[in-house]
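I opened the notebook to record what I looked up in this structure. The entries follow the order in which I checked things.

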Amino acid sequence: MQLIYQWLKRTFSDPQLVVLLSLLLGGFIIIVTMGNMLAPVLASIVIAYLLEGLVAPLQRLGVPRMLAVIVVFILFLIALGLILFGLLPLLSRQVTQLVQQLPNMLAEGQQALMMLPEKYPELITADQVQEVIATIGGEAGNIGQKVLSWSLASVVGVITLLVYLVLMPLLVFFFLKDKRLILNWFASMLPQNRKIALHVWREVDGQISNYVRGKFWEIIIVWSASYVTFTLLGLQYAMLLGVLVGLSVIIPYIGATVVTFPVLVVGWFQWGWTADFGWLALAYFIIQALDGNVLVPLLFSEVVSLHPIAIIVAILVFGGFWGFWGVFFAIPLATLVNAVIQAWPSRAELDSRMEQNQTATP
């Protein structure tokens, strides 16, 4: 107990640490209590981070910031229109086709499972196969119920989406246009004695911006490479599976493992144990290997390297708190924690500051 008291005394005697802890605690409380309400704002900040990577180079070329913001924002609206009216309808059609094919795929899978006891009687029995089939059938029923409930709630979802489509572009534009004004206003609300907090902010700002932009380009490149590869091989639902592979890079290690299952399953039901399936598996694993060993080092060379255990723990912890966004920002948030730890004064520094404060106090 005495150790805790001494730590609290050293920490809260330093006003810079009090400011840093207050900002971290305040941000955590706001996101936990109002995260759902502020989702459009948080998403707009992420998009603004992405677009700032295009605005800044234009400024360095001598283009006035306002003109650069307008040009980049128009490009953003064009890309948004292509996604809404080009990509989403295609994905919707492929999802519908896949759902319609699921009963045939399940029946074919059951036949393949029923042949296993005949081929490998020493490894698996007919009762075990029946139990697996019953489990799969139950899970398929649960998925069907979830799809039905989603369709019933789709009207509310469409209305919410329409609101976001109007609100978020406005937020993105003003975040870009008034970036310096917003940052200066926020800085004016903070105490003057905030050296440690500023150090952490500069470190984390660079890390998060690099990470978000790098992750965006990684998604685009992996998605495009997967789609082109699947199309050339003649794989069904190439766009849908390509998008899944692209989005899987959001979750390091875990995402690539999970998305492997639908890619190989669709390929197996289409071709069976043939050379085409072998080429698909080989091409898919080459894409994953190039992503992990070539693309990631190139895109994230400026991001602080974290141990794989730290990344997995961050995904579990922050994903448990904030769902998808927690998973997406797991690495930047882990970087924030690392930056705070690196900037945190040692015990000797805290004792020295506490003595100085006591000496300065009359």
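Which residue forms a salt bridge with E52, the closest N and O atoms being 3.5 Å apart? I looked it up in the model, which is predicted, and found K179.

**Entry: the partners of E52**

I placed the two residues next. K179 lies in helix α8, residues 179–188, and E52 lies in helix α3. The pair therefore ties together parts that are 127 residues apart in sequence.

I then found that E52 also meets the side chain of R65 in a salt bridge, at 2.9 Å from N to O. R65 belongs to helix α4 (residues 65–114) and E52 to helix α3 (residues 39–60), so this pair ties together parts that are 13 residues apart in sequence. I noted that E52, R65 and K179 are linked in a network of salt bridges.

Are these residues buried or partly exposed? E52 is buried, because its relative accessible area of 10% falls under the 20% cut-off. R65 is partly exposed at 21%, and K179 is also partly exposed, with 30% relative accessibility.

**Entry: the other salt bridges**

I searched the whole structure and counted four salt bridges. One of them joins the side chains of D178 and K177, at 3.0 Å from N to O. K177 is partly exposed, with a relative accessible area of 35%.

**Entry: the chain as a whole**

I listed the elements and found 15 helices and zero strands. The chain has 362 residues, and 31% of them are buried.

Among contacts between residues at least 6 apart, 71% join residues at least 24 apart.

**Entry: the nonpolar cores**

I read a general remark before looking: in soluble globular proteins, nonpolar side chains tend to be buried together.

How many residues are in the largest nonpolar core? I found 46, and the members that touch the most others are V212, F230, L235, L241, V245 and V263. The helices that each supply at least two residues of this core include α3, α4, α10 (238–248) and α12 (275–299). The largest share, eight residues, comes from α9, which covers 195–233.

I followed F230 and left aside its neighbours within four places in sequence. F230 is in contact with L235, A238, L241, G242, V245, V263, L280 and Y284. A second, separate core has 14 residues, among them A48, L51, V55 and V72.

**Entry: helix α11**

How many residues does α11 have, and what should they span? I worked with 18 residues at 1.5 Å a residue, which should span 26 Å. The C-alpha atoms at the ends of α11 are 27 Å apart, which agrees.

I listed the buried residues of α11: G255, V259, T260, V263, L264, V266, G267, W268 and W271. V263 is also in the largest nonpolar core and in contact with F230.

Which residue follows α11? I found G272, and its phi is positive, near 70 degrees.

Key
Residues are numbered from 1 along each chain as its sequence is written. This is a predicted model: local features need pLDDT of at least 70, side-chain atom pairs count only at pLDDT 80 or more; totals for chains, interfaces and linings use all residues. Side-chain values use heavy atoms; hydrogens and water are left out. Helices (H or I, at least four residues) and strands (E, at least two) are DSSP runs, numbered from the N terminus. Buried means under 20% relative accessible area, exposed over 50%, partly exposed in between (1.4 Å probe, protein chains only). Contact means heavy atoms within 4.5 Å. A nonpolar core is a set of buried Ala, Val, Leu, Ile, Met, Phe, Trp, Tyr and Cys residues joined through side-chain atoms within 4.5 Å. The expected span of a helix is 1.5 Å times one less than its number of residues.
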